[in-house]
Amino acid sequence: MPIIRTEHLGRDFRIGEEVISIIKQVNLSIEKGKLTILRGRSGSGKTTLMNLLGTLDKPSRGKIFFDNEDMTAIPEKKLDNLRRLNMGFVFQSVALISLMSAYENVEFGLRIAGYEASQRKNRAEECLNIVGLGKRMHHMPAQLSGGEQQRVAIARAIAHKPKIIFADEPTAELDTNTGLQVVKLFKELVEHEGITILMTTHDPNIIEVADNVITIEDGEVVYE
């Protein structure tokens, strides 16, 4: 059973008197325990689609199933809990809190997830060690490179042990070598932590690392 699947998913936006379909009748499935890349050119709709799958946006039509539960039919409060407990997010902009150290950024994420104080310290340190930043956990974001900051963001995203991570262009602001290191880390998390990762990119060097690739053009999946 896939962790996420969609049925005839669509998303429209109104611009003045015109209605534009950004996502058009998308049917797809995301396998558990795999690194799936959603690729497409800028403006193809991949970020809109990812926001829908992560319940950060609502579809105009169609259905989205998470662990076989229709997410389009449950109340917002339950969606909030689902995101908080079962989903992690990594964005192009790392969005770290600049006045907090790497450790404090991860620990703060665990607070939001409802972890007890006695568990937060060990889990935050564990996750920073997983991403290779155990010796730099008390550095501030400004003292870290772009790749290191993205690793902190990944540690924060995995800390509460989500079932799936949504990563929207996480390597876009990194050089090719650093970007490949980040994707290699994703691959290791899939293999050793059992996490499912859905990532958007248009970088052909990164696509080769994926378990599955879904291509989107003009709001439609053209092949999987």
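Visitor: In which loop is Asp218 found?

Guide: This is a predicted model. Asp218 is found in the loop between strand 10 (212-217) and strand 11 (220-223).

Visitor: Is Asp218 buried or exposed?

Guide: The limit for an exposed residue is over 50% relative accessible area. Asp218 counts as exposed because its relative accessibility is 57%.

Visitor: What is the phi of Asp218?

Guide: Most residues other than glycine have a negative phi. Asp218 has a positive phi, near 50°, and is a residue other than glycine. Thr55 is likewise not a glycine and has a positive phi, of about 60°. A positive phi, near 70°, is also found at Gly194, the residue that follows helix 6.

Visitor: Where is Thr55 found, and why does Thr55 count as buried?

Guide: Thr55 is found in the loop between helix 1 and strand 5 (61-66). Buried means under 20% relative accessible area. Thr55 counts as buried because its relative accessibility is 11%.

Visitor: Let us turn to helix 6. How many residues does helix 6 have, and what distance does it reach from its first C-alpha to its last?

Guide: Helix 6 spans residues 176-193, which is 18 residues. From first C-alpha to last, helix 6 reaches 25 Å, close to the 26 Å expected at 1.5 Å a residue.

Visitor: Which residue caps the N-terminal end of helix 6?

Guide: Asp175 provides the cap: one of its side-chain oxygens lies 3.1 Å from the backbone nitrogen of Asn177.

Visitor: Which residues of helix 6 are buried, and what do these buried residues pack against?

Guide: The buried residues of helix 6 are Thr178, Gly179, Val182, Val183, Leu185, Phe186, Lys187, Leu189 and Val190. Their packing partners among the helices are helix 4 (117-130), helix 5 (146-158) and helix 7 (204-207). The buried residues of helix 6 also pack against strand 4 (35-39), strand 8 (164-168) and strand 9 (196-201).

Visitor: Strand 4 contains Thr36. Why does Thr36 count as buried, and which residues does Thr36 touch?

Guide: Thr36 counts as buried because its relative accessibility is 1%. Not counting residues up to four places away in sequence, Thr36 touches Ile30, Ile197, Leu198, Met199, Asn212 and Ile214.

Visitor: How is empty space in a model to be read? What volume does the largest pocket have, and which residues lie nearest its centre?

Guide: Rolling a probe the size of a water molecule over the atoms shows where empty space is left. The largest pocket has a volume of about 460 Å³. Its lining consists of 22 residues, and those nearest the centre are Met87, Phe89, Ile112, Arg156 and His160. Helix 2 (76-86), strand 7 (87-90), helix 3 (102-112) and helix 5 each supply at least two residues of this lining. By class, the lining of the largest pocket has 13 nonpolar, five polar and four charged residues.

Visitor: Where is His160 found, and which backbone oxygen lies 2.8 Å from a polar atom of its side chain?

Guide: His160 is found in the loop between helix 5 and strand 8. It counts as buried because its relative accessibility is 13%. The backbone oxygen of Met87 lies 2.8 Å from a polar atom of the His160 side chain, and for the backbone oxygen of Arg84 the corresponding distance is 3.5 Å. Leaving aside neighbours within four places in sequence, the contacts of His160 include Leu85, Gly88, Leu110, Ala113 and Tyr115.

Visitor: Where does Met87 lie, and is Met87 buried or exposed?

Guide: Met87 lies in strand 7. At 2% relative accessibility, Met87 counts as buried. Leaving aside neighbours within four places in sequence, Met87 is in contact with residues including Leu53, Thr55, Phe66, His160 and Ile164.

Visitor: How many cavities of 30 Å³ or more does a search of the whole structure find, and which residues line the largest cavity?

Guide: The search finds one cavity of 30 Å³ or more. The largest cavity has a volume of about 40 Å³. Its lining is formed by Met50, Asn51, Leu56, Phe89, Val90, Phe91, Phe166 and Asp168. Helix 1 (46-53), strand 7 and strand 8 are the elements that give two or more residues to this lining. By class, the cavity lining has six nonpolar residues, one polar and one charged.

Definitions and conventions:
Residues are numbered from 1 along each chain as its sequence is written. This is a predicted model: local features need pLDDT of at least 70, side-chain atom pairs count only at pLDDT 80 or more; totals for chains, interfaces and linings use all residues. Side-chain values use heavy atoms; hydrogens and water are left out. Helices (H or I, at least four residues) and strands (E, at least two) are DSSP runs, numbered from the N terminus. The expected span of a helix is 1.5 Å times one less than its number of residues. Buried means under 20% relative accessible area, exposed over 50%, partly exposed in between (1.4 Å probe, protein chains only). Contact means heavy atoms within 4.5 Å. A polar contact is a pair of N or O atoms within 3.5 Å; within protein, one must be able to donate a hydrogen and the other to accept it, and residues adjacent in sequence count only if both atoms are side-chain atoms. On a 1 Å grid over the protein atoms alone, a cavity is a set of points where a 1.4 Å probe fits but cannot get out, and a pocket is an open set with protein on both sides within 12 Å along at least five of seven lines; lining residues have an atom within 4 Å of a point. Grid points are joined across faces, edges and corners, and a volume is the space filled by probe spheres set on the points. Ala, Val, Leu, Ile, Met, Phe, Trp, Tyr, Cys and Pro count as nonpolar, Asp, Glu, Lys and Arg as charged, and the others, Gly among them, as polar.
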